[in-house]
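Subject: Structure handover

Hello,

Here is the structure I said I would pass on. My notes on it follow below.

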Amino acid sequence: MSRRPDPQFVTFDMYGTLTDFPVGAAAEKTIEAISSPGQRDVFRRRFAAYQLDESMGDWRPYDELIARAFERACRSAGIPFRPADPAAVFDQIPTWGPHPDVPGPLARLARLAARYPLVILSNASDLHASRNAALLGAPLHAVYTAEQARAYKPRLGAFEYLYAQLGCRPEDTLHVSASPRYDLQSATDLGVRETVYLNRGYEPSAPHCHAYEVTTLTGVAELLGV
């Protein structure tokens, strides 16, 4: 490392990066009794793909996004679609807490909030975002959602909303995410130089769109000298 980052704001993705987000496993569990192992394998892969695809269109409430991705995955896998299934998954989201490695390092970072204000930009509904953020156990400067931005990541409008609210330039931030596809490519495209891939094994490393790679949030704290 040639130099230590010194951003005006440290921004985070929440679901999957800070919050343990087993949305795929929860969805798969609801169809277990009406599907074969092969069908569930197809459903698992397609549900993830359709969530990304649905995020790329015009904003719609998050429960609708989940339901549309769920229905498309069921259709693709030949599984009956029951509207109560995605609704049950959506209702679980606010109960999901942080990854085990998050509370300690996040609290350390929060103690230096005057230097590094901590901000979340999440593909969340307003209904859930505050509850999931509260479970992280550390004070945050701000929590912004796709519902507020009227755009889901990876759409650039979500990030542009973030920078407008903070009154800063993209290059004034350090952005941390476990997803190159949803976050780091878009942040890089907009000019964020200090991008951190928190590699939780969800996606392959993508060095072209992140400046640093760590495997726990402790790595982010160490990167900032905390």
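The protein chain has 226 residues and a radius of gyration of 17 Å, which agrees with the value near 17 Å for a compact globule of that length; the radius is taken over C-alpha atoms, and the globule rule is 2.2 Å times the number of residues to the power 0.38. This is a predicted model: local features need pLDDT of at least 70 and side-chain atom pairs pLDDT 80 or more, while totals for chains, interfaces and linings use all residues. Residues are numbered from 1 along each chain as its sequence is written, and side-chain values use heavy atoms, with hydrogens and water left out.

The C-alpha trace spans about 55 × 35 × 30 Å along its principal axes. The chain holds 10 helices and 6 strands, which are DSSP runs numbered from the N terminus (helices H or I, at least four residues; strands E, at least two). Buried residues, meaning those under 20% relative accessible area (1.4 Å probe, protein chains only), make up 52% of the chain.

Helix α9 (residues 180-189) has P180, Y182, D183, L184, S186 and A187 as its buried residues. Their cover includes helices α2 (37-55) and α8 (156-166) and strands β4 (173-177) and β5 (194-198). After α9 comes G191, with a positive phi near 110°.

Regards

Terms used:
Buried < 20%, exposed > 50% of the residue type's maximum accessible area, 1.4 Å probe, protein only. Contact = heavy atoms within 4.5 Å.
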